[in-house]
Amino acid sequence: MQAERQERAHAQQMRQAVGLLRDSAGPDLHHLWWAVLWLACAAGLEVVAPLLGKRLIDDYLLPRVANWPAMALLLGGVFVTGAIATWLRYLQLVRLSGLAMRSVQRLRERVYGHVLRLPMAFFDRAITGQLVSRVTNDTEAVKQLYVQVLFVILDSTIVLTGMILAMAWLDWRLMSIVVATMPFVLLIVLLYQRLSAPAVTKARQLRSDINAQMAESIGGMSVLQANNAQRRFGERFARTNDDHYTQRVAEIRANAWLLRPALDMLNVVLLASVIWLFGLRAGGAALGAAEVGVLYAFISYIARVIEPLIQITMQFSQLQQSVVATARVAGLLDEPGAPEHGKCGDGAANEAGDANAPAIDIRHLDFAYVDDNKVLHDVTLQIPQGAFYGIVGHTGSGKSTLLSLLLRYYPARPGSILMSGVPLDEIDHDTFRSRVGLVPQDPFLLAASARENIDMGRNLPFERIERAARAAHAHDFILALENGYDTVLGEGGSRLSSGQKQLIAIARALAGEPRILMLDEATSRIDSATEQIVQEALDELRGQVTIIAIAHRLSTIRDADRIVVLNHGRIEESGSHDALMRIEGGLYQRLYLLQQLAA
Ligand SMILES: Nc1ncnc2c1ncn2[C@@H]1O[C@H](COP(=O)(O)OP(=O)(O)OP(=O)(O)O)[C@@H](O)[C@H]1O
């Protein structure tokens with residue numbers, strides 16, 4: 001049962017790999033046919049060389065016929081066929097390598113493009129290092145499939161077929177001996193596969209784990225060092241690395257102890273059998289001239305017949321690895337992308353919306369990340385255009401979840417959220433993203449200039465970038481940097497303070513000139529002075545932009561038009577700061593007083 005399941009999984013992986021190979025080759029597929037043609041010609045010429053040698057021995061060397069022109073012609077033939085075969089192999093390699101590299105390039109772009117379009121829910125489960133491994137290492141496996149596996153298997157198969165045909169033509173009985181040994185080769189290969197397959201799969205998985213651990217540790221280095229966890233992480237890494245080594249050794253051992261020696265032995269047995277049969281035929285007498293030529297050709301062929309078989313078998317381990325890797329890439333590509341929005345909506349209405357409708361209209365919204373474990377319960381809320389709304393609540397009360405739904409990171413029930421009167425799921429992607437700006441809790445800066453960080457690939461005119469920076473109160477400190485807007489901010493904006501990073505993130509959001517600005521705890525990491533600057537920036541935007549701010553620090557949203565208090569996913573209270581403070585024993589009042597005490 002288990003074996004059957006494994007077999008089915010393997011067949012499925014193979015189908016996925018072949019499909020991906022075909023797709024990624026795309027318009028270059030004709031190069032493959034040319035490469036196969038060159039390969040067939042080269043292999044054909046290599047089969048001809050021993051026949052010319054046989055002719056030389058049979059017709060001129062053994063009978064001692066000193067026909068120099070004819071002998072030179074045959075020798076020259078051996079040389080020329082070899083030279084042309086080499087040249088054809090070069091041609092096919094150029095085509096196949098080009099095809100393979102362009103395939104990898106195409107595939108990488110496709111995988112990266114697909115990853116960019118995956119819904120946020122996917123990233124809740126994904127491990128960064130493994131994803132990076134898919135895009136870099138696993139796509140490379142496609143090249144291996146083309147250049148190593150496909151090429152060697154094709155080459156060897158063509159050479160093998162040509163040689164068997166030539167041997168059959170020379171002496172079919174001797175050829176049968178050679179062919180009879182082939183099932184043994186197959187048997188050895190199957191045994192090897194069975195022994196090494198678990199180690200191959202495990203080693204791949206462990207390599208991915210090594211990448212994941214490395215990425216995780218580098219990403220969280222400050223936390224790791226602050227907690228003095230280097231030793232534990234080092235030990236965990238060493239264990240994974242050690243397991244990887246063990247699996248690789250198991251794989252190499254199966255190769256070294258079983259595959260190569262068994263196949264080499266088979267080669268020796270085959271040679272011995274053919275020579276022995278010749279001996280029997282001659283019955284102790286000297287061999288006839290014709291037989292010596294045939295023996296020469298057979299020995300030449302046997303030396304080459306086993307090699308393609310070995311080559312084919314040696315590719316199986318590579319084939320296994322590549323198929324597993326390619327199937328993983330195919331699996332990633334099969335992940336459904338984020339839903340397409342606004343396909344059925346009326347474009348014009350979609351673009352404008354209803355100017356009199358609330359900026360955000362949430363109607364009886366329920367939401368669960370998993371099954372029926374609801375995180376939001378029957379949330380109903382209307383946010384007028386140009387209003388400033390604060391959302392507060394205890395940790396885990398559902399604030400970020402609500403924001404994620406407003407940002408369409410997760411699908412809300414159709415029709416449960418409207419933006420300017422248009423259901424959120426009916427607004428097309430570009431309109432939606434141009435309407436909404438986000439300032440996340442973690443500003444996420446690129447290792448690029450201040451200008452690029454604000455622009456974020458949108459190719460905005462510089463005036464707009466500068467206007468946004470001024471509005472976010474970031475302009476002055478950017479100008480104070482050595483190259484102003486062109487100063488590279490370092491990885492993750494390492495050259496800036498937390499507050500400055502946050503201001504850049506606000507400038508980035510404002511540069512899109514959004515109608516709705518969402519702030520997710522944008523002031524949680526900054527000092528009171530910078531918070532003051534952010535507040536000033538928000539004040540200046542009031543009335544022009546609808547602002548929805550999640551804040552742990554209640555001073556940030558104190559002046560909001562309305563503060564919504566969430567408790568266990570329900571709206572518990574809602575009103576202005578003063579109104580909420582008047583609710584004796586109310587949740588907001590308690591939160592506020594607690595913060596005052598702590599301050
Ligand atoms: N991606 C997720 N998958 C599953 N459950 C989640 C996910 N994100 C949040 N939750 C759960 O949803 C609930 C609400 O979380 P949410 O992050 O919305 O709270 P919050 O009010 O923003 O908290 P905080 O103030 O700590 O940021 C929590 O119980 C949390 O465990």
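How much of the chain over residues 174-192 is helix, and how much is strand? Over residues 174-192 the chain is 100% helix and 0% strand, with its end C-alpha atoms 28 Å apart; helices here are DSSP runs (H or I) of at least four residues and strands are runs (E) of at least two, numbered from the N terminus. This is a predicted model, in which local features need pLDDT of at least 70 and side-chain atom pairs count only at pLDDT 80 or more, while totals for chains, interfaces and linings use all residues. Residues are numbered from 1 along each chain as its sequence is written.

**Strand β9**
- Five of the six residues of strand β9 (residues 562-567) are buried, a word used when 20 or more other C-beta atoms, placed from the backbone, lie within 10 Å of a residue's own.
- Strand β3 (residues 388-393) runs parallel to β9 and is joined to β9 by five bridges, where pairing requires that DSSP finds at least two bridges.
- Strand β10 (residues 570-575) pairs with β9 in the antiparallel sense over five bridges, and leucine 566 stands opposite isoleucine 571 in β10.
- Two residues lie between β9 and β10 in their hairpin, and histidine 568 in the turn has a positive phi of about 50 degrees.

Definitions and conventions
A residue is buried if 20 or more other C-beta atoms lie within 10 Å of its own, exposed if 12 or fewer, and partly exposed in between; C-beta atoms are placed from the backbone.
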